[in-house]
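Here are my notes on the model, in the order I went through it. Have it open beside you as you read.

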Amino acid sequence: MSTTDTYEPSIAQSKGELLDSGEREYMLDVRTQDMEVNMGPQHPATHGVMRVLIRCDGELVTGAQPHLGYLHRCAEKIGENVEWLQYLPYTDRYDYLAAMNNNLGYSMAVEALMGIEIPRRAMMLRTICAELNRIGSHLIAIGTYGLDIGAITPFLYMFREREWMMALFEKICGARLTYSYIRIGGVFNDAPPGWLSEVEAFCDTFEVKWKEYYDLLMQNHIFVQRTANIGVISREMALDFGLTGPMLRGSNIDWDLRRDTPYELYDEIWKDKAFEIPLASGEKGTLGDTWDRAWVRVMEMMESIKIVRWCLDKVEPGPIIAEIPKTLRIPPGEAYVGIENPRGELGHYVVSDGGKIAVRCRVRGPSFANLAVLEELMPGTLLADAIAIIGSTDIVVGETDR
Amino acid sequence: MLSVAQSTESGLKESFGTNAVQDFLIGIKPEFVPAWAIPLTAIGVGMGIVLAIVALLTMFSTWLERKVSGHIQCRYGPMRVGWHGWLQPLADGVKLLLKEDLVPLGADRVLFVMAPALVLASLLGAMAAFPLTGAFYFANFELGIFMILAMTSTTTIGVVMAGWSSNSKWSLYGAMREAAQVVAYEIPLGISLLVPIMVAGSFNLIEVSNGQGGGFGIFNWYIWPWVNPFMLPAFLLFFVAILAETKRAPFDLPEAESELVAGFMTEYSGIRWSFFFMEEYAAMFLYCAVGSFFFFGGFESPLSSLAEGMAGTGSVLHQLAQGATIILKGFAGIFLMMWLRWTLPRVRIDQVMTMGYKYLTPLALVCVLGAGVWEALIAPLWR
């Protein structure tokens, strides 16, 4: 797909044509002005309150600039003012579609400072919940992506399955969106009786339904026409912009923190060959187009199911939380832990001076880093493609703004 | 139902032309009523009937849309207002009427207020040429399909007016898309309709329908390949074109909600907004009914041929069967359009244009050529 240098109508028109006599002839006596359109903060396709300032020449986008900050809630500053455990509910709220993963990232960063051993059952439950939440998050990503393209029904089908997933979470921790389930040292609550077999039933059903999404949306001819060859991110560009997660694997770069910086049980799972890392191959168009990114997400849902099944196979009774005091005093030091969030690398950098409160609590949000690529991708596309590109970055504004 | 009004004063009838309502009024005219009052009353009554039909069709269609979308999406749709929510459109209508009448500050007030009225008026004008039965119609135009196509394409002007006068960038985009799309798809729409018109030899909807009579009311429909093998491709082209004309998915670009917020309707609310809504659903029914007139037998169905056999041509029972047939066929088409809407994603504007100009128009021309050759050279061999 073309970028800025291939089409610049306003410049081309103002130059006119150089004649033999040395004069310039202005062939076009009608000069049009580019229109600036505010897409957002209240717009159905910006996934929350993001605002993209788009410069348009008719339907053609000649420039785009994302504006952030409409959902800024000082998450990091709050982290430096409340106790270690009290910050946990705030982590739910930045990437509200993958709260389990956020809990996990923060807990792991604090645990790294404490240097404590997590019970095996707790790690199993953490992995099951994080992967189920990944499925839920990808369901929203693909569903709303379909919605951006104009396919409304797959969105509701995906919500049907997500609803089940949320019901499972409700049973284990009482919340449906902001769980605070994964705690420092383990998990908050043991799985209620029968919960694990319910998860298994969910996996069985999901595998059937997954095929439905794949056929109905991903293989739909109009969907492919709308998404293939649009918003192409080359391998170099993906590395240059520091993309992570499905955005990176959509450009065929083999990088997944679950395997490459193994944490929790992922090392064991990977060595058991229980899951693979789907890499886009440019199947429907160019490598790194929006279809590829959506495809990676769809395939990852299946891999998550495999991981959950592995855990269900191996899970044993045991303690679910390490022995930790009620008021945490973390030994001085600093730690950075990056985990594979559904959207990419979610990093937590925490510094402790030995007190009850963190000195620094920095969050590296994947959506925020992935968003930077928008400005580069959008010029030269049509307005409808701009929507498709925003959707394919799968941003959660709560996390870009924090 | 009005065919009982066999003219008692043939002089009156001849001087004002044919119109079922007028025939009926002439039949019951008391002595003291002057002759010039008849056509005026007929127009008033006819307009009222057309408006009532449009309103009823729209209400039923909106209910159907919700139910169809609900069941496709594993939901129930409206269930609270009446049995399975059948009174929901009425409740919505009341809500829309009670809403505040908003005109944006920067809008061109005159055009803004006029646009929805123009849209609905042109659709009502098109409905005037739509016969509900073989003898119950507002006006039996010799060039009926011309009237319908001309009037429905006038709605575009209203949409462009709405988009321009709203003084909103999204509305402007919607209006420009609508203009481009309708211009591109009017051509294949008109050309693909030429195929059945050629076979029928008439522009009159009732005559086209009568031309498909016999064969148990089903085997002489123009769509069958033994009538003309170019009819089926022509129908497919026609169907794609009416999807674009009525702004239905996958061609709902003028109001693409994920791109343009609500397109040309962004700034409208309340009853004005509902005028656009009514126009959309009435246009859907009208186009589907036109499609069934020209491809699927019109009034002809096993039901209406049974009624004709039982009670005679033009009898009340026959006309009821005719009306039921055309409404059922229209709603079958509407159901298909809804099914597509809730299944398919939206195409992009350049794809819409490419499809219209590069594929549909040439294909429609090929269909007309083929059908013409078939009618002139091959069909006479056994007809």
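1. I started at Thr393(A). Leaving aside neighbours within four places in sequence, Thr393(A) is in contact with Met247(A), Asn370(A), Leu371(A) and Leu374(A); contact here means that the C-beta atoms, placed from the backbone, lie within 7 Å. Thr393(A) sits in helix 16 of chain A, where helices are DSSP runs of H or I with at least four residues, strands are E runs of at least two, and both are numbered from the N terminus. Thr393(A) counts as buried because 26 other C-beta atoms lie within 10 Å; the cut-off is 20 or more for buried, 12 or fewer for exposed, and partly exposed in between, with C-beta atoms placed from the backbone. From Thr393(A) to Arg160(A), 233 residues apart along the chain, the C-alpha separation is 23 Å.

2. A word on conventions. This is a predicted model, so local features need pLDDT of at least 70 and side-chain atom pairs count only at pLDDT 80 or more, while totals for chains, interfaces and linings use all residues. Residues are numbered from 1 along each chain as its sequence is written, and chains are lettered from A and ligands numbered from 1 in the order in which they are written.

3. Now the contact between the chains: chain A gives 26 residues and chain B gives 21 residues. On the chain A side, the elements with two or more residues each are strand 3 (35-39), helix 5 (120-149), helix 6 (153-173), helix 8 (221-227) and helix 16 (383-393). That side of chain A has 16 nonpolar, six polar and four charged residues. For the classes, Ala, Val, Leu, Ile, Met, Phe, Trp, Tyr, Cys and Pro count as nonpolar, Asp, Glu, Lys and Arg as charged, and the others, Gly among them, as polar.

4. Helix 7 (residues 169-200) of chain B has 32 residues and should span 46 Å, which agrees with the 46 Å between its end C-alpha atoms. Still, look at Leu194(B), where there is a kink of about 25° shortly before Pro196(B). After the helix comes Gly201(B), with a positive phi near 70°.

5. Chain B has 14 helices and zero strands. Of its 383 residues, 47% count as buried. The C-alpha trace of chain B spans about 60 × 60 × 40 Å along its principal axes.

6. Back in chain A, strand 8 (residues 333-341) and strand 9 (residues 344-352) run antiparallel, joined by nine bridges, and a hairpin connects them through two residues. Strand 9 also pairs with strand 10 (residues 360-364), antiparallel over five bridges; pairing takes at least two DSSP bridges. Seven of the nine residues of strand 9 are buried.

Note on methods:
Two residues are in contact if their C-beta atoms, placed from the backbone, lie within 7 Å. The expected span of a helix is 1.5 Å times one less than its number of residues. The bend at a residue is the angle between axes fitted to the seven residues ending there and the seven starting there.
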